[in-house]
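Hi everyone, thanks for coming.

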Amino acid sequence: MKQIDVCLTPDLLHLHNIENTIVVVADVFRATSCMVTAFAYGVNSIIPVATIEECQLWQERGYLAAAERNAQKVDGFELDNSPFTYMDERIRGANVAMTTTNGTLAITKSRSAVKVLVGSFLNLEAIARFLKNERYDVMVLCAGWKGRVNLEDTLFAGALVERLKDSYAMAEDSAIMAWRLYSQGKDNLPSYLSNSSHIGRLQRLGIQKDITYCLQHDLYDVVPVLRGNALVSMQV
């Protein structure tokens, strides 16, 4: 039987062999939720990069550029890390370069995988439906926060495990833990997450509407996949 595993932070990725695995990267608050939203609203491609300097180089080549550090927009870039920014008509058909504190770094660290997908609660069912037809093992890579585990990405991992548990065996305890956490909190995720560290950061910045939006399930039938150095969308 195929297996599904969870890596709770990119700092633990070196413990896993992902060369025959599909990696689903999750940065719920907010990078991967932004990416999914952008594709739903017609962006052509997104190039995820680890550093601000790389993002500036793509900006100089004519790309729309998004840069976030510590949950705030970096000066000199057109776009920030709020999913509502990507509902703008100017992103339709655009090519975007993006760097964030955690999510884009996790994507760049996953390049040796068979496929790298972008997951969020917003496209949870689309991701699950796609993976049911794949023959490879799956790993959910939680972007976390600067190498540390966070709750919201772990809950997404648990949600995906729940949707795939009839098709994939849980490979390690981290998958079981994520699934059990999601089972406890799924009926009211905002309440379950209310004391989490990243919720606190975002609330201090007055970004409650992003939190509420990013916890919605199954809004979009898009699956962003890494092709070369760019994410593009697969319709499923």
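Let me begin with a question: does Asp210 count as buried or exposed? Keep in mind, while you look for it, that this is a predicted model. The answer is that Asp210 counts as buried, because its relative accessibility is 1%, and the cut-off for buried is under 20%.

And what does the side chain of Asp210 do in there? It meets the side chain of Arg30 in a salt bridge, at 2.8 Å from N to O. Asp210 sits in helix α9, residues 208–214, while Arg30 is in the loop between β2 (21–26) and α1 (31–40), so this pair ties together parts that are 180 residues apart in sequence. Arg30 counts as buried too, because its relative accessibility is 3%.

Now let's step back and take in the whole protein. You can count nine helices and 11 strands. The C-alpha trace spans about 45 × 35 × 30 Å along its principal axes. For 236 residues, a compact globule would have a radius of gyration near 18 Å, and the 16 Å of this protein agrees with that. Buried residues make up 57% of the 236. If we take the contacts between residues at least 6 apart in sequence, 77% of them join residues at least 24 apart.

How many does a search of the whole structure find? It finds eight. Another of these joins the side chains of Arg129 and Asp221, at 3.2 Å from N to O. This pair also links distant parts of the chain: Arg129 is in helix α4, residues 124–132, and Asp221 is in the loop between α9 and β10 (222–227), 92 residues apart. Here the setting is partly exposed, with a relative accessible area of 30% for Arg129 and 44% for Asp221.

Next come Lys186 and Glu162, whose side chains meet in a salt bridge at 3.3 Å, N to O. Lys186 lies in the loop between α6 (173–185) and α7 (189–192), and Glu162 lies in helix α5, residues 151–164, so the pair ties together parts 24 residues apart in sequence. Lys186 is partly exposed, at a relative accessible area of 35%. There is also a network of salt bridges, which links Glu125, Arg163 and Asp218.

Please find helix α8, residues 197–204, where His198, Ile199, Gly200, Arg201 and Leu202 are buried. Which helices do the buried residues of α8 pack against? They pack against α5 and α9. After α8 comes Gly206, and its phi is positive, near 75 degrees.

The last stop is Thr100, in the loop between β6 (95–99) and α3 (103–108). Thr100 counts as buried, because its relative accessibility is 1%. Beyond its neighbours within four places in sequence, Thr100 is in contact with Asp27, Ala31, Glu68, Arg69 and Asn81.

Key. Residues numbered from 1 in each chain as written. Predicted model: local features only at pLDDT ≥ 70, side-chain atom pairs only at ≥ 80, totals over all residues. Heavy atoms only, no water. Helix = DSSP H or I, 4+ residues; strand = E, 2+ residues; numbered from the N terminus. Rg over C-alpha atoms; globule rule 2.2 N^0.38 Å. Buried < 20%, exposed > 50% of the residue type's maximum accessible area, 1.4 Å probe, protein only. Contact = heavy atoms within 4.5 Å. Salt bridge = Lys/Arg side-chain N within 4 Å of Asp/Glu carboxyl O.
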